[in-house]
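Please have the sequence and the 3D view open while you go through these points.

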Amino acid sequence: MSDTPLEEVALFPLQTVLFPGGQLPLRLFEQRYLEMAKTCLREDRPFGVCRIREGQEVGEPATPEAVGCLAHIAHWDMVQLGVLNIVARGAQRFRILERRIERDGLARASIVRLPEVVDAPVAAPLRDCVTVLEALLERSGAPSPEAAGTSGTLDSSAWVSARLAEQLPLPLELKQALLELDDGAARLARLREALVALRVLPAQAPTAPGWLDSAGSA
C-alpha cells in the first residue's frame, strides 16, 4: 500500500471498470453528480470511479468495490439544461478505507492512492496480445498512445494490458480483478488466457502472422 496521505474524494459507482489512462464518457443528470462535477471542475479535483458490487447506478447509493480509479474531467458540455456530458480520464488507482453517504445521496470516501502498476516490456510470448489490441483500437476508432497524449506505448505491459482490459468483452468481475493486479506483465498474461478462452488467440503463440484473420472477429 502507498504511503500517500489519506484524502477525501466523491465516489461515482458504475457498472464498469476504469483503468489508469482510460477514457470514460458519462451523461450526468442526477443532482448529486451534477454538483460533484461542478465541484471537480471548479477546484480541479478528481472523483473516484468504482465498479458497483451491490445496487444500481441510479437511485439509492450503491455499494462499491474497495479498489477504484481516480478520474479527472477532460472534457464537458451541457447540451440541454440539467444534463451534463463529460469525458473522464483515468488517473491513479486507489483503495477505499472508509465511506459515508451525504444527505443528497452522494458517497464520499477516505482513500489511499495505490502504487503505479509495475511495468515491463511486452515479453515475446505475449506479443500477439499487442496485435489484438492494435486491431481493436483501429476498429473502435480509439486513439493510439501518441494521439491520446499518454506516456503509454505498445511495448508497455501495463499500458497494453489496461487498454485490452477496457476493449475486450470480459466479465466485470474479471476486469475488477485485473484492475487490482499490481504487475503489468502478470495482467497481460492473464488477458492472454482470456483471449485463448474467447478463441481469439491459439493456446500457443504462433510463429507466423495471419492468425487474426483465421480467428474471426476480435
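1. About 60 Å³ of space lies in the largest cavity of this predicted model. A cavity is a set of points, on a 1 Å grid over the protein atoms alone, where a 1.4 Å probe fits but cannot get out. Grid points are joined across faces, edges and corners, and the volume is the space filled by probe spheres set on the points. With a threshold of 30 Å³ or more, the count is one cavity.

2. Which residues line the largest cavity? They are V9, A10, M36, T39, C40, R45, P46 and R108, where a lining residue has an atom within 4 Å of a point. The elements that give two or more residues to this lining are β1 (7-14) and α1 (31-43). Helix α1 has the largest share, with three residues. Helices (H or I, at least four residues) and strands (E, at least two) are DSSP runs, numbered from the N terminus. By class, the lining has five nonpolar, one polar and two charged residues. Here Ala, Val, Leu, Ile, Met, Phe, Trp, Tyr, Cys and Pro count as nonpolar, Asp, Glu, Lys and Arg as charged, and the others, Gly among them, as polar.

3. Residues are numbered from 1 along each chain as its sequence is written, and side-chain values use heavy atoms, with hydrogens and water left out. Since the model is predicted, local features need pLDDT of at least 70 and side-chain atom pairs count only at pLDDT 80 or more, while totals for chains, interfaces and linings use all residues.

4. The protein has seven helices and seven strands. From the N terminus on, the order is β-β-α-β-β-β-β-β-α-α-α-α-α-α. Of the 218 residues, 44% are buried. Buried means under 20% relative accessible area, exposed over 50%, and partly exposed in between (1.4 Å probe, protein chains only).

5. Next, the strand pairing. Two strands pair if DSSP finds at least two bridges between them. Strand β7 (residues 107-113) is joined to β1 by five bridges, and the two run antiparallel. Strands β6 and β7 form a hairpin with five residues between them, and G105 in the turn has a positive phi of about 95°. As for burial, six of the seven residues of β7 are buried.

6. L24 has A88 in β6 as its bridge partner. The C-alpha of A88 is 9.6 Å from that of V49, although the two residues are 39 apart along the chain. V49 is in strand β3 (residues 47-54) and is buried, at 2% relative accessibility.

7. Helix α2 (residues 127-140) has 14 residues and spans 20 Å from its first C-alpha to its last, close to the 20 Å expected at 1.5 Å a residue; the expected span is 1.5 Å times one less than the number of residues. Its buried residues include D128, V132 and L136. G141 follows α2 and has a positive phi, near 80°. Helix α4 (residues 157-167) is mostly covered, with nine of its 11 residues buried, among them W159 and R163.

8. How many disulfides are there? The count is zero, a disulfide being a pair of cysteine sulfur atoms within 2.5 Å. The sulfur of C69 is 9.3 Å from the closest cysteine sulfur, in C50, so it is too far for a bond.

9. Finally, check two backbone angles. D44 has a positive phi of about 55° although it is not a glycine. D44 lies in the loop between α1 and β3 and is exposed, at 64% relative accessibility. R199, also not a glycine, has a positive phi of about 65°. R199 sits in the loop between α6 (184-197) and α7 (211-215) and is exposed at 71%.

How values were computed: 1 Å grid on protein atoms, 1.4 Å probe; cavity = no way out; pocket = protein on both sides within 12 Å on 5 of 7 lines; lining within 4 Å.
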